[in-house]
Amino acid sequence: MNLAGREQLYRGFKELGLDYIETMDNFILVELGLDAKGIYQQLLAKGVIVRYGDIWRLPDHIHVSIGTWEENQILIEAMRSIF
């Protein structure tokens, strides 16, 4: 399930033109640029919980946990609406 979810998110991020770090773990680090904090806040306002990368000194990134197909799709759709 983790592998399929990871691939689903990779495809979604590629479609959005976002850079990310490929992983073997259950999360993906996604680069959003200078407005990462604003995008993070917009995702939270839509009910999508991700972690802002500033706590790791990566203020241009968010940390996305891999979820179920439905959860991943909600994240991708929320990001599409923001971009």
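**Helix packing and selected residues in the predicted model**

Helix 1 and helix 3 pack with their axes 10 Å apart, at an angle of about 10 degrees. Here, axes are lines fitted to C-alpha atoms, for helices over the stretch in contact, and angles run from 0 to 180 degrees between N-to-C directions. The two helices, helix 1 and helix 3, are therefore roughly parallel to each other (angles under 35 degrees count as roughly parallel, over 145 as roughly antiparallel, 65 to 115 as roughly perpendicular and the rest as oblique). From helix 1, the contact draws on G5, Q8, L9, G12, F13 and E15, and from helix 3 on W69, N72, Q73, L75, I76, M79 and R80; contact means heavy atoms within 4.5 Å. Helices (H or I, at least four residues) and strands (E, at least two) are DSSP runs, numbered from the N terminus.

This is a predicted model, in which local features need pLDDT of at least 70 and side-chain atom pairs count only at pLDDT 80 or more, while totals for chains, interfaces and linings use all residues. Residues are numbered from 1 along each chain as its sequence is written, and side-chain values use heavy atoms, with hydrogens and water left out.

N72, L75, I76, A78, M79 and I82 are the buried residues of helix 3, where buried means under 20% relative accessible area, exposed over 50% and partly exposed in between (1.4 Å probe, protein chains only).

Helix 2 meets helix 3 in another way. Their axes come within 10 Å and cross at roughly 125 degrees, and helix 2 and helix 3 are therefore oblique to each other. At this meeting, I39, Q42 and L43 of helix 2 touch L75, A78, M79 and I82 of helix 3. Within helix 2, the residues A36, G38, I39, Y40 and L43 are buried, and the buried residues of helix 2 pack against strand 3, strand 4 and helix 3. Just after helix 2, G47 has a positive phi of about 85 degrees.

Strand 4 contains H63, which is buried with a relative accessible area of 12%. Apart from neighbours within four places in sequence, H63 contacts F27, I28, L29, V50, R51 and W56.

R57 lies in the loop between strand 3 (51–52) and strand 4 and is exposed, with a relative accessible area of 77%. Most residues other than glycine have a negative phi. The phi of R57, however, is near 65 degrees, a positive value in a residue other than glycine. E22 sits in the loop between strand 1 (19–21) and strand 2 (27–31) and is exposed, with a relative accessible area of 58%. From C-alpha to C-alpha, E22 and S81 are 24 Å apart in space, and they are 59 residues apart in sequence.
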